[in-house]
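Q: Please take a close look at one part of this model. Start with the ligand surroundings, then go on to a helix pair.

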Amino acid sequence: MTKEQLVQQIQEKSSFLCVGLDPDLQKIPAHLRDLEDPFFAFCKAIIDHTKDYCVAYKPNTAFFEARGAAGWQSLEKTIAYLNETCPNHFIIADAKRGDIGNTATQYARAFFEQMDCDAVTVAPYMGRDSVEPFLAFEKRFCVLLALTSNQGAKDFQTTREEAPLYEEVLTTSQTYAHSERLMYVVGATKAEYLERIRQLVPASFLLIPGVGAQGGKLDEVCAAGMNKEVGLLVNSSRGIIYASSAEDFAQVAGEQARVLQQQMAEELKKQRVFS
Ligand SMILES: O=c1ccn([C@@H]2O[C@H](COP(=O)(O)O)[C@@H](O)[C@H]2O)c(=O)[nH]1
């Protein structure tokens, strides 16, 4: 998918919601646990009930990998189902990869060729040659961790007063080949940094996790982070997918996604993005 196509989807749906798919055997409804592929059954039901309200899905590979080969199969099936039933949704493999160039190429092939994802999250610590292999794939995006939502972000990302590490990630990565296909992870819990981030990367899309369960606020993110093409994909995982653990979990997830979509539609009006 291109950036223009993503913006068009956002405009058509008045939504920049990304639904996070983080299936956890302890948390999924009890009636699914004994099925042959409980993770796929869970994700499929969530997708069926939320797809009208979101423009993106973000399966976090850790939750699938934790179940070994069976989990990886569930991940492949989930992404194949997304490509089949939601061809206009943006699919982000949240895998947080990062390695030397020839290894990075294999990661990129896994997520772009084998699984046909639109984007993969990458830790930028190893620098240019660890990121460029992801950018070599046409119409695919690399989402670099810039300023993460967790407490520990302060240990490295914001320690230096002058040119903190997250700023260096933003500015240096703009010199990488095909940098227009870079997006950045910025936690919703770090909304106070968004004004500065927009000065450094005015046109880039930001993937914003941390609303809902982690306490980030949608209105604060929108006020400081939106650009004229929206430029935001706001993720919610637990707040949507575990809103109910009863048999109606998927309907309740759909309702939560609808509530967020409506708040997003209001924000788009408030910020006069498409008017
Ligand atoms: O800085 C980051 C980077 C990634 N994540 C991931 O996003 C979701 C958030 O889940 P919630 O349940 O909505 O809190 C999850 O997959 C994280 O691993 C993040 O939270 N912060």
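**Ligand shell and a helix pair**

A: The shell around the ligand holds 3 nonpolar, 13 polar and 3 charged residues. Nonpolar here means Ala, Val, Leu, Ile, Met, Phe, Trp, Tyr, Cys or Pro; charged means Asp, Glu, Lys or Arg; the others, Gly among them, are polar. The model is predicted: local features need pLDDT of at least 70, side-chain atom pairs count only at pLDDT 80 or more, and totals for chains, interfaces and linings use all residues. Numbering starts from 1 along each chain as its sequence is written.

Of the 19 residues around the ligand (C-beta, placed from the backbone, within 6 Å), T148, S149, P209, S237 and R238 come nearest. Strand β8 (232-236) and helix α11 (238-241) are the elements that each give two or more residues to this shell. Helices (H or I, at least four residues) and strands (E, at least two) are DSSP runs, numbered from the N terminus.

An unreviewed UniProt entry places the domain "Orotidine 5'-phosphate decarboxylase" at residues 16-253; such annotations may be inferred rather than shown by experiment. That span is 40% helix and 17% strand, and its end C-alpha atoms lie 17 Å apart.

Now the helix pair. The axes (lines fitted to C-alpha atoms over the stretch in contact, angles from 0 to 180 degrees between N-to-C directions) of α2 (38-50) and α12 (249-270) come within 8 Å and cross at roughly 40°. In contact (C-beta atoms, placed from the backbone, within 7 Å), A45, I46, D48, H49 and T50 of α2 meet A250, Q251, A253, G254 and A257 of α12. This contact divides into 5 nonpolar, 4 polar and 1 charged residues.

Notes
Contact = placed C-beta atoms within 7 Å.
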